[in-house]
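Hi,

Here is the structure I said I would pass on. Have a look at it first, and then read my notes below.

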Amino acid sequence: MMRGCPEKKKKLIEEIGVLFEQTHDLTPLAARINVIMILSPNEGHTFEEIVQITGASKSSVSTQLNLLLKLNRAEYFTKTGERRRYFRASKQYVKMRLQDHLQKIQKELELFEELTQYNKENNPEKFQKNKDFTNHYGNYLRAQKKNLETAIAKMPGN
């Protein structure tokens, strides 16, 4: 796998690929193709180049590229006068991922506040006993929400 890549790039592809497998529920090949595109210049790679770099079969690469396109982790473009498609990492993926995290934090914060209010009204002794932890965790969630909102607002295209 990864023919024609410098050792440093191979190491990064492998390390980040393993991380993407674990944290993004990607297959090993899809994770590595995604990393290859992230580490590539803006011009991207042709299908044939990705097959050559990965050493995988054309059908496997095609299946995994289609998955990455469907997940909006990759995009393709063509150059004037050429029929070939060039693949690169999606420019919108990071923003979409941050927005997804923000939605999860917002939902957790809403439920946390409902839970806190319920315990305050119905379990006052428990509420008082856990007040420090409750305040600390609530502050953490609000800070995460604010950090995500700030990061999203600074993303290109806003």
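This is a predicted model: local features need pLDDT of at least 70, side-chain atom pairs count only at pLDDT 80 or more; totals for chains, interfaces and linings use all residues.

Strand 1 (residues 45-46) pairs with strand 3 in the antiparallel sense, over two bridges. Pairing here means that DSSP finds at least two bridges between two strands. The strands (E, at least two residues) and helices (H or I, at least four residues) are DSSP runs, numbered from the N terminus.

Residues are numbered from 1 along each chain as its sequence is written, and side-chain values use heavy atoms, with hydrogens and water left out.

Back to the sheet. Strand 2 (residues 74-78) also runs antiparallel to strand 3, and five bridges join the two. Ala-74 has Ala-89 as its bridge partner in strand 3, and Glu-75 stands opposite Arg-88 of that strand. Strand 2 and strand 3 make a hairpin with six residues between them, and Gly-81 in the turn has a positive phi of about 85 degrees.

Put together, this is an open sheet of three strands in the order 1-3-2, with antiparallel pairing. Strand 1 and strand 2 are at the edges with a single partner strand each, so one side of each has no neighbour in the sheet. Strand 3 (residues 85-89) is mostly covered, with four of its five residues buried. Buried means under 20% relative accessible area, exposed means over 50%, and partly exposed is in between (1.4 Å probe, protein chains only).

Now the helices. Helix 2 lies across strand 1, strand 2 and strand 3, and runs at about 90 degrees to strand 3. Helix 2 (residues 28-38) also packs with helix 3 (residues 47-54), at an angle of about 115 degrees and with the axes 11 Å apart. Those axes are lines fitted to C-alpha atoms, for helices over the stretch in contact, and the angles run from 0 to 180 degrees between N-to-C directions.

Which residues make that contact? Helix 2 brings Leu-29, Ile-33 and Ile-36, and helix 3 brings Ile-50, Ile-53 and Thr-54; contact means heavy atoms within 4.5 Å.

The buried residues of helix 5 are Tyr-93, Lys-95, Leu-98, Leu-102, Ile-105, Leu-109, Phe-112, Thr-116 and Asn-119. What covers them includes helix 1 (7-24), helix 6 (124-129) and helix 7 (131-153).

- His-24 is in helix 1 and counts as buried, at 18% relative accessibility. Leaving aside neighbours within four places in sequence, His-24 is in contact with Leu-19, Arg-73, Tyr-93 and Arg-97.
- Glu-14 is also placed in helix 1, and at 34% relative accessibility Glu-14 counts as partly exposed. Glu-14 and Tyr-93 are 79 residues apart in sequence and 20 Å apart in space, C-alpha to C-alpha.
- Asp-25 sits in the loop between helix 1 and helix 2. Phi of Asp-25 is near 50 degrees, a positive value in a residue other than glycine. Asp-25 is exposed, with a relative accessible area of 71%.
- Asn-72 is in the loop between helix 4 (58-70) and strand 2. Phi of Asn-72 is positive as well, near 60 degrees, again in a residue other than glycine. At 39% relative accessibility, Asn-72 counts as partly exposed.

Cheers
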